[in-house]
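This report looks at a few local features of a protein model. Please have the sequence and the structure at hand while reading.

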Amino acid sequence: MNFFRFNPNDFTIFIDVYELIAWGERHRILNFFLSKYSIMFVINLEQDWERRNMSSILQIKNGYKESRGADDSIGRRRDHRIAAALDRSGHGRCPRSSSPMHSSLRSVLAVRDSNSNALLIKLVKKLPPNSTQATPFLTFEARGHRSAVVQDVPVSKPLSRADVQELHLAVESCEQLPATLVMAPELSSLHSFVDGMKHVGDVMAISVSKYGDLHLQISTSLIALGAEFRKLKVLGERADPVAEDNGLSSKTRVERGVQRGDAMSVQVSVKHFFKSLQCSLAKPDCAFFGIAPHGACLMVFFQFFVPGTRVTDKSFSLHCKLPVLDTGSS
Amino acid sequence: MSSAAAVDTEADLVCELDSVRGIVDALCSVRWKRFQDALLELSQHGIVIIVEETGCLQAKVYLQRELFIKYDYAATGRPRFGVSLGLFIDCLNTFSVLGRSNVLELRYPGPDMQLMLRSVDSPDACIYAEIRTIIPETISWDYNFEPAGSTPLSFTVKSAALKEAIDDLEWPGSSIQISLQPSPPSVIFRGEGHGDLQIDFNYYVNTDLLIAFSCDRQVSHRYKYKFLRATTSNIPASVLKDNRGSKATIGRGGMLKIQHLVSVAKPSVPHPHIDSAGYQQPSRIAYIEFFVKPEVEEKNGCV
């Protein structure tokens with residue numbers, strides 16, 4: 001039995017994060033990656049396995065330096081890593097849906113015993129009903145004072161060593177972080193705006209500038225539709241906006257910024273971008289957009305604060321990498 | 001973004017509206033097919049959007065200048081241009097973000113004769129769109145509606161009841177005959193296809209449904225079901241909720257005119273001391289008109 005004992009700083013973040021996991025699982029685009037110190041859920045932007053390296057990655061890290069109770073069998077057989085896909089095709093194996101888990105978690109929280117181990121995520125082999133063959137499940141267990149919630153999610157057989165290595169590289173590859181990150185405007189309105197954009201076109205240009213400007217645009221033969229957000233908070237390299245740019249149109253401002261080297265612009269699929277915004281299901285406290293050096297990909301980072309503070313909760317990390325479309329146009 | 005202080009003397013029209021949702025509802029009511037071109041005509045009185053099914057059905061949406069917060073008209077004559085109706089609606093939808101008041105500026109023409117839209121309620125965030133316009137073809141059929149006689153032949157019925165009646169009349173699978181008779185004062189909808197269905201609205205029996213009635217002689221015409229259906233299929237939910245009435249008039253030659261009223265009110269918290277059910281200031285209404293040609297018996301009308 002391989003398991004991961006998780007003591008988050010606050011359980012409430014996990015409840016919202018679970019909503020995102022459940023969403024990924026419903027859409028059959030979820031893999032998980034269990035290691036000694038963390039569990040990672042990889043939400044693929046495409047159902048096609050070939051393009052799995054561009055995706056949303058939710059990493060839940062253990063609060064402790066060593067994971068307590070990690071079974072040595074992980075270490076011995078699989079170099080401390082195991083990965084599999086959450087697999088909805090086995091309907092008969094697990095008739096329960098994810099949503100009851102979400103609300104049950106809330107009620108368990110209400111009676112949670114602070115001394116108990118808050119959450120256990122286990123990879124187990126169980127005997128499903130109507131079958132004689134034990135199959136793997138990812139089990140979520142939360143214990144409260146007087147009640148507990150257990151959810152079994154059917155998973156595929158663990159991936160081969162080669163596949164795990166590939167997934168590990170894709171996920172943890174040291175691509176360079178963007179030099180400039182801008183804080184996203186309110187995610188729910190961005191989400192509904194991009195939802196509207198989906199009806200208009202397939203490809204959008206997104207640009208991020210050191211002045212704190214974020215610009216999204218779809219351009220087809222019949223319509224150019226865009227949104228510009230200015231004076232956003234900037235992390236990393238920044239520059240002061242040029243005053244003479246103020247009277248110009250958004251498009252011209254972006255072009256000038258790119259020419260000066262103060263902004264970068266890439267093209268992404270609207271559908272991918274919309275999917276990455278689904279991460280707002282996890283109710284992060286803020287999000288940042290940035291373009292990796294040389295326009296390699298678009299990255300979105302989500303942060304969770306410890307409730308009641310503005311301190312980042314380091315046990316959760318969620319980020320998304322979107323592939324850049326190579327159109328060859330400016 | 002050019003300075004907002006002075007009126008742009010190059011533009012024919014610069015106007016601002018604060019109720020994008022209402023405008024979208026009004027435009028959706030004239031969308032009966034997926035791909036439709038709309039003709040926009042600008043004047044000092046407001047904007048008219050005309051949608052047509054060649055030779056058979058025409059719809060007009062009147063957005064009077066009173067619906068706009070600002071309406072600066074500087075053209076001579078009445079500029080006309082065509083846009084894709086679906087694209088225009090999808091575009092307007094991106095401007096209406098829930099829970100926020102959005103002020104939208106419409107400007108025509110842009111540098112390339114586009115229709116320009118821009119949100120103007122926030123200095124640091126802006127949604128904008130430029131929609132390509134097309135030179136309109138001349139409207140093939142001038143839907144000059146003329147009264148049938150000295151007494152109008154018309155009735156006003158609850159929009160919800162009219163929609164329901166027309167929805168039900170799909171079943172016979174035939175064209176629909178609409179008859180008005182003065183005695184007893186009533187409107188009869190009839191379909192005779194692989195089954196018969198007749199729906200009567202009697203004026204004195206139920207004044208809740210049939211609100212008004214004017215008719216001095218018996219008259220009866222047939223209309224193709226799909227065009228009749230188009231007049232009510234996309235009535236916005238707000239019209240049904242507000243309990244509005246729709247007016248139908250039969251003109252010369254049997255041309256049917258159906259008029260709806262769509263509320264274009266700004267979404268706001270209702271005043272606690274006013275019973276606002278059904279009440280709207282008159283200037284916050286968009287007028288929708290449909291013109292349906294009758295079926296011609298002998299030669300090819302609308303096939």
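## A serine in a loop

A polar atom of the side chain of B:S174 lies 3.0 Å from the backbone nitrogen of B:E192. B:S174 sits in the loop between helix 3 (159-168) and strand 11 (176-181) of chain B. Because its relative accessibility is 14%, B:S174 counts as buried (under 20% relative accessible area, with a 1.4 Å probe and protein chains only). Leaving aside residues up to four places away in sequence, B:S174 touches B:G191, B:E192, B:G193 and B:Y225 (contact means heavy atoms within 4.5 Å).

## Basis of the model

This is a predicted model, in which local features need pLDDT of at least 70 and side-chain atom pairs count only at pLDDT 80 or more, while totals for chains, interfaces and linings use all residues. Residues are numbered from 1 along each chain, chains are lettered from A and ligands numbered from 1 in the order written, and side-chain values use heavy atoms, without hydrogens and water.

## Two helices in chain B

Helix 1 (residues 20-28) of chain B and helix 2 (residues 85-95) of chain B have axes that come within 9 Å and cross at roughly 160 degrees. Helix 1 of chain B is therefore roughly antiparallel to helix 2 of chain B (angles over 145 degrees).

Residues of helix 1 of chain B that meet helix 2 of chain B include B:V20, B:I23 and B:L27; among their partners in helix 2 of chain B are B:F88 and B:L92.

Conventions
Helices (H or I, at least four residues) and strands (E, at least two) are DSSP runs, numbered from the N terminus. Buried means under 20% relative accessible area, exposed over 50%, partly exposed in between (1.4 Å probe, protein chains only). A polar contact is a pair of N or O atoms within 3.5 Å; within protein, one must be able to donate a hydrogen and the other to accept it, and residues adjacent in sequence count only if both atoms are side-chain atoms. Axes are lines fitted to C-alpha atoms, for helices over the stretch in contact, and angles run from 0 to 180 degrees between N-to-C directions. Angles under 35 degrees count as roughly parallel, over 145 as roughly antiparallel, 65 to 115 as roughly perpendicular and the rest as oblique.
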